[in-house]
Amino acid sequence: MEPTAITHQRITDDLDRLLEVLPAAVRQALQAPAAREQLLEVVLDLGRVPEARYPGRAVALGEAVVERSDLEAVVQRLGAFGGDNRAGIERTLHRISAIRNRTGAVVGLTCRVGRAVFGTVAMVRDLMDTGQSLLLMGRPGVGKTTALREIARVLADDLGKRVVVIDTSNEIAGDGDIPHPAIGRARRMQVARPELQHQVMIEAVENHMPEVIVIDEIGTELEAQAARTIAERGVMLVATAHGNELANLVKNPTLSDLVGGIESVTLGDEEARRRRSQKTVLERAAEPTFPLAVEMHSRHRWSVHRDVARTVDLLLRGQLPRPQVRELDGDGRLQLREASEAPAAEGPRRPRLANRPAHLAAVPLAAAPLAAVPLPDPTAPAAATSGHTPGGPAPAQALRVFCAGVSEALAEQAIRSRRLAVQLSDAVEEADAVLAVRQQLGREPEVRRSAQAAAVPILVIKADTLPQILRGLERLLQRRDPDGPAADPDGAAAGHGDDELEALEECRLAVEQLVLPQGQPVELLPRSPRVRQLQAELAAHYQLATAEFGSGGQQRLRIFPR
């Protein structure tokens, strides 16, 4: 982890201006400094007690319910609401959103506190010097608009850029005709109606010669197309989009063009064999509108993708992207690390997209059977292991397990819940066994090769879920007992019922998704003789021919098209 200079943040919120428009009882309940600290929003719903919301909790404000007259008084102090049912307070960043009944009367108000946080831009200050377009993603309330506001100010004031802010709901630069000082010398263009945002984006480029366009909440296909048009004209874009991570945008048909768009491509036979994939795969259609992307996990922890095109390609191929993680520690120091250096409690980031159907392996995994390599025998009862630190010394008698595609957070939870004598390992060569998700093991052949070279057995599970991980760890521990289930060559011991169901489901998916519709043969995963017989009988119901290939523990069934 690489520390950088200390970052100081300064926060201004003009909270008194917001409290002035609220009912007297609510205003009185929020007078104490402790009540204002980290206040996110105040909710006023007709016939209910007012509520103040803070990160992770909500607090009732008094005991009296909100009357219709209270709502009407607040609305009168605010003025007219826009077409998006939002209003503001002039020259502040606060936002008030209305809930209406079927007749249009206001029956609820969400009064969100707007804060200008000076200093957050240090997280991505180096990215702004590149001149490339930047996309911010994250769940609602994580601070995307706050960061956008500060980026606009730094680009305009510190870097001397011509910046135009497209402010659809007046959330970036506040309500009123005079922008809030938080955006510095950046200019602001207001939008009459939300559905016209894409037109105002194009108008800004054609009429005002900006070097940078700042947009909040790109959410429609027209806005995505307008963003691409602007980027192709050489104007830098800084925008936000709702979505926890880049994979969400890749799967979103409306917004996928922001990261290059997705198209279906049919591969030739040779290329499909080389890739070990289906003939029809998903690929990126064009260069991304935003070459840089930031996933905002919290206000102090961001993941930066410096090459969005490469990240999207990796996701579509089912591989793990490795963004740079940037985090502010308690002393205000910015810490930089690669995703592979993330703490164990966070677990590995898993790809959300792949060109293979779920639970289907079109190519067999050459993992050595567990019974082929003995595991160390225990000499003491299993002890609880917790507080694992990757790479640290393993507890005595603990089974060292390397996880491939398995969340270390879930593995730790499984170890603690059953008090298993298991220690997670950082390297295959230092492990006693490998616990792998089937598809991930196929995507990381180096793990398989390292395990075979070090004579480390591999146990494959079908999904990265807590029950599957727990069952896998227990079976690994059982394999250390020579009289346990490992001695059953046909897999008939207790606990193999799930394997049979999994194998039959794998066979069904292979037939219905590949063999019948695409006419291509499929090899299933290595199974025991009894399970292979069940798979062959299932294929026979589809009137398909089968044959067995391989030897020893790698015997597997191949299904042929008609």
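How many helices and strands are there in the protein chain?

## Overall composition

The protein chain holds 17 helices and 27 strands, where helices (H or I, at least four residues) and strands (E, at least two) are DSSP runs numbered from the N terminus. The model is predicted: local features need pLDDT of at least 70, side-chain atom pairs count only at pLDDT 80 or more, and totals for chains, interfaces and linings use all residues. Residues are numbered from 1 along each chain as its sequence is written, and side-chain values use heavy atoms, with hydrogens and water left out.

Of the 562 residues in the protein chain, 49% are buried; buried means under 20% relative accessible area, exposed over 50%, and partly exposed in between (1.4 Å probe, protein chains only). Among contacts (heavy atoms within 4.5 Å) between residues at least 6 apart in sequence, 64% join residues at least 24 apart.

## The pairing of H7 and H8

Helix H7 (residues 197-208) and helix H8 (residues 221-232) have axes that come within 8 Å and cross at roughly 15°. Axes here are lines fitted to C-alpha atoms, for helices over the stretch in contact, and angles run from 0 to 180 degrees between N-to-C directions. H7 and H8 are therefore roughly parallel to each other (angles under 35 degrees; over 145 is roughly antiparallel, 65 to 115 roughly perpendicular and the rest oblique). The crossing of H7 past H8 is left-handed, that is, the near helix is turned anticlockwise from the far one by less than a right angle.

On the H7 side, the contact is made by Gln197, His198, Met201, Ile202 and Val205, which meet Leu222, Glu223, Ala226, Ala227, Thr229 and Ile230 in H8. These residues divide into 7 nonpolar, 3 polar and 1 charged; Ala, Val, Leu, Ile, Met, Phe, Trp, Tyr, Cys and Pro count as nonpolar, Asp, Glu, Lys and Arg as charged, and the others, Gly among them, as polar.

## Helix H6

Helix H6 (residues 144-158) has 15 residues and reaches 20 Å from first to last C-alpha, close to the 21 Å expected (1.5 Å times one less than its number of residues). Because 13 of its 15 residues are buried, H6 is largely enclosed by the rest of the structure. Just after H6, Gly160 adopts a positive phi of about 65°.

## Positive phi outside glycine

Gln38, in the loop between helix H3 (33-36) and strand S3 (41-45), has a positive phi near 60°. Gln38 is exposed, with a relative accessible area of 52%.

Asn85 also has a positive phi near 60° and lies in the loop between helix H4 (68-78) and strand S6 (86-88). Asn85 is partly exposed, at 27% relative accessibility.
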